[in-house]
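This note is written for a colleague who is new to the structure shown below.

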Amino acid sequence: MMRRVQTLFCLLIGLATVRVAGAAEPRVVENSAHGLWDEAPRKTFGILEDLYVAGDDEENGLIFGRIADVAVDSHNRMLILDGGFNCVKVFDPDSMVVHTIGRNGEGPGEFNQPTAIAVDAEDRIYVASQGGRIGIFAPNGEWIEEFRHQFPGGVVIDMEAVPTALYMACYDYVDKKVVHRYDAKHRYVSSFSDSWSVVKPTPPGELWAQGGFIDIDANGYVYYTQFTPYEIRKFSPDGQLLLTIHRENDYMKPPVIERKGDSVAFHIYSGPTCILALDNGMILNVLLYFASDSDVVNVKTVFDLFDADGRLLKSILKEGKIVVRCRDAQGRVYASRESNVPEVARYRLAFR
């Protein structure tokens, strides 16, 4: 029997602690509540709005029911998945309507409660909806085909398309994995990423919040942010865990679960809405912060910026509910917001 010798050591880098267990083990980075950029010389970053599309425009007749997701193609067209009206609304860069894709129903090119959208390198559009259906459309909106994922009852939370694969974030009730890879011909390949914290024990009652959001960087690495507790994971394209990131915070509290007889009520809780692998190597984790499990009005948005090694650089707080959905090739960030009506906004990240 081969004996494996494990060497554990701690390396203090700024305010982050990195634990390494053997050469083949994934790195674990523990961050304090303060980022490296909070120390002198101080640095920060900003989220600057440069475009928005309102959900109620009498001149153009633009009305959103419920914004489920947003994607951007190579021409910077915004593809807004409307879960209220079961369609995709496509806008050119200066926010004028191009066309609408899909409609309510169960047939070819139709949606029933769509949940996620993605665009591949050829600008084909993928839309996930109830029943495990993944509809595929040409850039002009023409229906091509559909296939179904193999996880009964699993809702696709997020979806990312790369030239050689399609990744889905979807809870598998059997194997308890949450990230799934399909090849370019939409054949199932593998599943990875546990549905609970890999390193930190998951407190009782939190396992209901299965899943999270994903992003893919230019080298094909997969980034995943867990609903609860706070945890970011980086994987190789084939699903090997490479890095786990934690940070101290005062907003990621365990979800409140109330049981009354045979019924269960799940209260709102603070958690991520998106993770972005930026082209400069940094990682942006975006979360909604609810000060109370019953107050849905006074919500804030937390932007946590990490370097490529998983060290927290800076955390900023913005008023309001900014649900970040995706980024484009220029590094701009797209988010849905709710003011008087649903709307989509585009932001630039400014580092200074």
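This is a predicted model: local features need pLDDT of at least 70, side-chain atom pairs count only at pLDDT 80 or more; totals for chains, interfaces and linings use all residues.

1. Aspartate 279 counts as exposed, since its relative accessibility is 58%.

2. Salt bridges also occur in a linked form: Glu49, Arg337 and Glu343 are joined into one network by bridges that share partners. Over the whole structure, the search finds 20 salt bridges.

3. One of these bridges is made by the side chains of lysine 314 and aspartate 38, at 2.8 Å from N to O. Lysine 314 is in strand S30 (residues 312-319) and aspartate 38 is in the loop between strand S3 (27-31) and strand S4 (45-54), so the pair ties together parts that are 276 residues apart in sequence. Are these two residues, lysine 314 and aspartate 38, buried or exposed? Both lysine 314 and aspartate 38 are buried.

4. A further salt bridge joins the side chains of aspartate 50 and arginine 348, with 3.9 Å between N and O. This pair also links distant parts of the chain, as aspartate 50 lies in strand S4 and arginine 348 in strand S33 (residues 342-351), 298 residues apart. Aspartate 50 is partly exposed, with a relative accessible area of 32%; arginine 348 is likewise partly exposed, at 39%.

5. Which residues does lysine 234 contact, leaving aside neighbours within four places in sequence? They are Tyr221, Val222, Tyr223, Gln240, Leu241, Leu242 and Leu243.

6. The largest pocket has a volume of about 940 Å³. Its lining comprises 31 residues, and Phe213, Phe227, Pro272, Thr273 and Arg325 are the closest to the centre. Strand S7 (67-72), strand S17 (156-162), S27, S28, S31 and strand S32 (333-338) each supply at least two of the lining residues. By class, the lining of this pocket has 19 nonpolar, five polar and seven charged residues.

7. The second largest pocket has a volume of about 820 Å³. Among its 39 lining residues, Val72, Val119, Glu160, Ala161 and Arg327 lie nearest the centre. Two or more lining residues come from each of S7, strand S13 (116-119), S17, strand S21 (212-216), S27 and S31. S17 provides the largest share, five residues. The lining of the second largest pocket divides into 21 nonpolar, five polar and 13 charged residues.

8. How many cavities of 30 Å³ or more does the structure hold? There is one, and the space in the largest cavity is about 40 Å³. The residues that line it are Gly109, Glu110, Phe111, Ser129, Arg133, Gly135, Phe137, Trp143 and Glu146. At least two lining residues come from each of strand S12 (110-111), strand S15 (133-137) and strand S16 (143-148), and S15 gives the most, with three. The lining of this cavity has three nonpolar, three polar and three charged residues.

Definitions and conventions
Residues are numbered from 1 along each chain as its sequence is written. Side-chain values use heavy atoms; hydrogens and water are left out. On a 1 Å grid over the protein atoms alone, a cavity is a set of points where a 1.4 Å probe fits but cannot get out, and a pocket is an open set with protein on both sides within 12 Å along at least five of seven lines; lining residues have an atom within 4 Å of a point. Grid points are joined across faces, edges and corners, and a volume is the space filled by probe spheres set on the points. Helices (H or I, at least four residues) and strands (E, at least two) are DSSP runs, numbered from the N terminus. Ala, Val, Leu, Ile, Met, Phe, Trp, Tyr, Cys and Pro count as nonpolar, Asp, Glu, Lys and Arg as charged, and the others, Gly among them, as polar. A salt bridge is a side-chain nitrogen of Lys or Arg within 4 Å of a carboxyl oxygen of Asp or Glu. Buried means under 20% relative accessible area, exposed over 50%, partly exposed in between (1.4 Å probe, protein chains only). Contact means heavy atoms within 4.5 Å.
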